[in-house]
Amino acid sequence: MYTRFTASQSVEIVVPEQPVPIQHYLRQPQRLVKALVDPSRIEQLDCESFRLKIRPLSFMTLNIQPTADLKVWTEPNGTVNLRSVACEILGLDYINQRFELNLCGHLSPYQHQNITLLKGKADLEVKVELPFPLNMTPQSIVETTGNGLLKSVLVTIKQRLLHQLLTDYRSWVNDNQNQLPVTSYQLPVSEA
């Protein structure tokens, strides 16, 4: 029997004004991915695809190390989308054959009272058939533990995003200020 775990995280970031709009920065998925995750855990597969090696995780008596292949793409308005397209659990064939990971997220720029905001959300779902004796553990304990583990993964990514994204954006603007044309954008107005 498969057990399902879920977690979601939302984020809102105020973007300080820079000479180059953040939409230019967001069109470079490799920079955003490196702001989200430690670059030593990322392998770029092509211009929109990345392999993420998630830190080893402990779930009850299991130690697992998932890898996830992610597709990251940008829409014309600057919205960045992220979706998992494959996953693998290293070292545990039983779990690997009975494991499904689905991650999807987005980050969009908005204008609210002359302030640029980035608003985003990530949803993470895991389905797994637990081996004996874990499948004998009460379902409520298993689900609480699994949901908490997924939430901790998303919180870690959110914290890194909050600390790294604007730092990397400022650095990118400083490095590229004279190389990019500045274009005015009409951002969606926030509903807030």
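**Contacts along the chain.** I started with contacts between residues at least 6 apart in sequence: 64% of them join residues at least 24 apart. Contact here means heavy atoms within 4.5 Å.

**Ground rules.** I am working on a predicted model, where local features need pLDDT of at least 70, side-chain atom pairs count only at pLDDT 80 or more, and totals for chains, interfaces and linings use all residues. Residues are numbered from 1 along each chain as its sequence is written, and side-chain values use heavy atoms, with hydrogens and water left out.

**Overall layout.** I get 4 helices and 8 strands for the chain. Helices (H or I, at least four residues) and strands (E, at least two) are DSSP runs, numbered from the N terminus. Read from the N terminus, the order is β-α-α-β-β-β-β-β-α-β-β-α.

**Surface.** The accessible surface of the chain is about 10,600 Å², and 50% of that belongs to carbon and sulfur atoms. Areas come from the Shrake-Rupley method with a 1.4 Å probe; for residues, only the protein chains shown count as cover. Of the 192 residues, 42% count as buried. My cut-offs: buried is under 20% relative accessible area, exposed is over 50%, and partly exposed is in between (1.4 Å probe, protein chains only).

**Aromatics.** How many aromatic pairs does a search of the whole structure find? I get 2. One of them is Tyr 25 with Trp 172, edge-to-face at 5.8 Å centre to centre and 65° between the planes. Tyr 25 sits in helix α1 (residues 22-26) and Trp 172 in helix α4 (residues 139-176), so this pair ties together parts that are 147 residues apart in sequence. For the record, rings of Phe, Tyr and Trp (its six-membered ring) pair if their centres lie within 6.5 Å; planes under 30 degrees apart count as stacked, over 60 as edge-to-face and the rest as tilted. Both partners are out of the solvent by my cut-offs: Tyr 25 is buried at 0% relative accessible area, and Trp 172 is buried at 3%. I also noted that Tyr 25, Tyr 169 and Trp 172 make up one aromatic cluster.

**Charges over rings.** I found the charged end of Lys 71 over the ring of Trp 73, 5.3 Å from its centre. Lys 119 lies over the face of Tyr 110, at 5.5 Å from the ring centre. The test is that NZ of Lys or CZ of Arg is within 6 Å of the ring centre and within 35 degrees of the ring normal.

Most residues other than glycine have a negative phi. Gln 113 is exposed at 66%, and Asn 114 is exposed at 72%. I then moved on to Thr 116, in strand β8 (residues 115-129). Thr 116 is buried at 18%, and its side chain makes a polar contact with the side chain of Gln 111 at 3.3 Å. A polar contact is a pair of N or O atoms within 3.5 Å; within protein, one must be able to donate a hydrogen and the other to accept it, and residues adjacent in sequence count only if both atoms are side-chain atoms.

**Gln 9.** This one lies in strand β1 (residues 2-15) and is buried, with a relative accessible area of 14%. The side chains of Gln 9 and Lys 158 are joined by a polar contact of 3.4 Å. Leaving out residues up to four places away in sequence, Gln 9 touches Gly 120, Lys 121, Ala 122, Lys 151, Leu 154, Val 155 and Lys 158.

**Helix α2.** Which residues of α2 (residues 29-36) are buried? I listed Pro 29, Leu 32, Val 33, Ala 35 and Leu 36.

Thr 167, in α4, is partly exposed at 41%. Its C-alpha is 8.9 Å from that of Ala 35, 132 residues away along the chain. Asn 176 and Val 20 are 8.8 Å apart, C-alpha to C-alpha, and 156 residues apart in sequence.
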